[in-house]
Amino acid sequence: MTERLESRAKVTGEARYAFEYPVGNVAYAAAVQASVGRGEVTSVDTEAALRLPGVLAVLSCDDAPRLDGDAQGELALFQSRTVSYRGQFIAAVVGETLETAREAARLVQVEYAQESPDVRLRTDHPGRYKPDKVNPVFPPDTGQGEPDTAFDDSAVRVDVTYTTPAEHNNPMEPHTTLADWSEDGTLTLYDSTQGSSTVQSTIARVFGLGKAQVRVVAPHVGGGFGSKGSPRPSVVLAAMASRATGRPVKFAVPRQQMFATTGYRTPTIQRLKLGADAEGHLNAILHDVVEQTSTVQEFAEQTATPTRVMYRAPNRRTSHRLVRLDVPTPSWMRAPGETPGMYALESAMDELAVATGIDPIELRIRNDTDRDPESGLPFSSRNLVACLREGADRFGWGGRDPMPGIRWEGRKRIGMGVAASTYPAYMSPNQATARAEPDGTFTVRIAAADIGTGARTALTLIAAETLKEDLRNVNVEIGDSSFPKATVAGGSSGTASWGTAVVRACEALRGKLNGAVPPEGLEASADTAEELKGRDEYARHAFGAQFAEVEVDADTGEIRVRRMLGVFAAGRIINPMAARSQFIGGMTMGIGMALLEESVMDEEFGDYLNRDLAQYHVPACADVRDVEATWLEESDPHLNPMGSKGIGEIGIVGAAAAVGNAVHHATGIRIRALPITPAKLLPDL
Ligand code: MOS
């Protein structure tokens, strides 16, 4: 149990976030958003804005600063007059104060040639198409056997469609950049990002700079959930504003503007067909997904990919179809793909359990597999069944009524649900250095990111263990693109990817250490690219089991999650304290997905209506009563030197299904469109 090393710095305010760097002579940017959903900007009248005292510049597509590099998609800021979605950044004002910039942004007069936007996702959309791949590198479709025929011939059939709404990542710290474009042509970005190396290379490319001319500093980040995993237009805006004014410029995307400009989880329409024999053995699994992308660039969420690894069945199909709409480009949100996909699959498995009369845990155990059903590869380790059994014991599953809709406590209806969970154990090449200092301490550097996960602490533990040193003698420095190149804090791959580079650098340093450290110190470095190429072929995934007990008020339809338990098998857990936080944080986000979170599209104007956390509901303390996470000791030699799998995302996967299945068990009502709200339940309650 190790407290996070920066906890004191954070609670005392000593830890600096992007907006807080004390750079002199700073100016502030404010953005203007498109007020139509589709069309062309015909004119931008900046006169009133420029008349305001303290306004330094107005930037827009009318007079666009050239980017000089290769700017694509959402990052080609102000490079076109086309409005691709309502809320798109079309202009920006730079002012001496934030208030001046905001007021001037309001005074910018934009005229449009307006068309009506196409924003409604539907399965029969004429523009529906098959993407070449789904995020990050998966085929859009897979299949084996004769899934349609096998389904039709199955003794028990579940054929259901689930929908999930658009959901918006809302990290506490908004997307923030302090850009300082100095006279010598170098650009320093204090940025709120999940990956300083990624921002460095992307922004260098966009502005046609050498990588050495861009430095990205991000030692502390107030959350991201994927929305800060790739640079957003806000970074380009800040850099452009700094270059145009010759001043350091701060730009924090206001919460109200985040809903259009910082990414979100695509809505999905998912048809699940499960065909089984009377004993519940799956004969056919079909998972067909329709989801949206924008006209600006393609984002293809990998929604059906977990269905490719979960259960044995000789006949199977997964497919993804996209519809290009006049909407902001969707992006990553905690466990993109697995989260909505496992909601649908694990809800359908619950429906199959009801249809066959088999206990939902037993049904999953009967369909477990020791090989990846599609690739045929052995799993490096797979402890789904152990998680289900351990969770059943701890949660008191044995006392659950087999039939739904039976248990009442006063005016409350009570039910229990279960769902499985999975997430891939990704790993990417990384670099690190380790230094022995003459004073007996050690310094490890890598451009990793700690977005609130505890990454800094985990890496320090890993370095200290490898160096066989006390934790206090080891300093791990992260969050700076001038450190060895690192991949993003994403795909739950940070600890595995960065940690391996740290281990290898520390091992190399130990090999060099021979007696006293010279006055200038001693340094060793590592690059894990070669090591990763040589890995054996295994299907590497973490697994888990989610349990929920809910009460539903029979008169109001109010749903409360009374208890929740997650049991995970995710390799070796490096720091139990932070790992537990990751798991219960993910589960809490799963409660939000099940019951609260929903971005509502205004089909006439073409925009998500939500603007703040009063309209976009996330679970508050009163919604999170008793959420507990635990894990099985798992020893897997096929992963990395630490033996770890990722833990950042698996906590949310399956959580919404567990809650939805519990609601069904409590009430006998199956709501197949998230979130499950009182309004949807009441008519049948
Ligand atoms: Mo996470 S959505 O892979 O940053």
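This is a predicted model: local features need pLDDT of at least 70, side-chain atom pairs count only at pLDDT 80 or more; totals for chains, interfaces and linings use all residues.
The lining of the second largest pocket is made up of eleven nonpolar, five polar and four charged residues.

- The space in the second largest pocket comes to about 340 Å³.
- Its lining counts 20 residues, and those nearest the centre are Pro165, Ala166, Pro267, Ser599 and Met601.

**Enclosed cavities**

- Searching the whole structure turns up four cavities of 30 Å³ or more.
- The largest cavity holds about 70 Å³ of space, and 13 residues line it.
- Nearest the centre of the largest cavity are His175, Asp191, Ser192, Arg232 and Val235.
- Strand 9 (176-181) and helix 6 (233-245) each contribute at least two residues to the lining of the largest cavity.
- By class, the lining of the largest cavity splits into three nonpolar, seven polar and three charged residues.
- For the second largest cavity, the volume is about 50 Å³.
- The residues that line the second largest cavity are Tyr343, Ser347, Gly660, Asn661, Val663, Ile669, Arg670, Ile671 and Ile676.
- At least two lining residues of the second largest cavity come from each of helix 8 (338-356) and helix 15 (655-667); helix 15 has the largest share, with three residues.
- Five nonpolar, three polar and one charged residues make up the lining of the second largest cavity.

**Histidine 168**

- You will find histidine 168 in the loop between strand 8 and strand 9.
- With a relative accessible area of 2%, histidine 168 is buried, because the cut-off for that label is under 20%.
- Setting aside neighbours within four places in sequence, histidine 168 has contacts with Met258, Phe259, Gly263, Tyr264, Met333, Glu597, Ser599, Tyr608 and Tyr616.
- One of these contacts, Ser599, is also among the residues nearest the centre of the second largest pocket.

- Helix 3 spans residues 98-107, and its buried residues are Thr100, Ala101, Ala104, Ala105 and Leu107.
- Viewed down the helix axis, these buried residues fall within an arc of 155°, so they line one face of helix 3.
- Several strands pack against the buried residues of helix 3, including strand 1 (27-33), strand 2 (39-45) and strand 3 (55-60).
- Further partners of those buried residues are strand 5 (89-95), strand 6 (109-114) and helix 2 (47-51).

**Cysteines**

- There are zero disulfides in the structure.
- Cysteine 61 has a relative accessibility of 11% and counts as buried, because this value is under 20%.
- Cysteine 621 has a relative accessible area of 73% and is exposed, because this value is over 50%.

Methods:
Residues are numbered from 1 along each chain as its sequence is written. Side-chain values use heavy atoms; hydrogens and water are left out. On a 1 Å grid over the protein atoms alone, a cavity is a set of points where a 1.4 Å probe fits but cannot get out, and a pocket is an open set with protein on both sides within 12 Å along at least five of seven lines; lining residues have an atom within 4 Å of a point. Grid points are joined across faces, edges and corners, and a volume is the space filled by probe spheres set on the points. Ala, Val, Leu, Ile, Met, Phe, Trp, Tyr, Cys and Pro count as nonpolar, Asp, Glu, Lys and Arg as charged, and the others, Gly among them, as polar. A disulfide is a pair of cysteine sulfur atoms within 2.5 Å. Buried means under 20% relative accessible area, exposed over 50%, partly exposed in between (1.4 Å probe, protein chains only). Helices (H or I, at least four residues) and strands (E, at least two) are DSSP runs, numbered from the N terminus. The arc is that of the directions from the helix axis to the C-beta atoms. Contact means heavy atoms within 4.5 Å.
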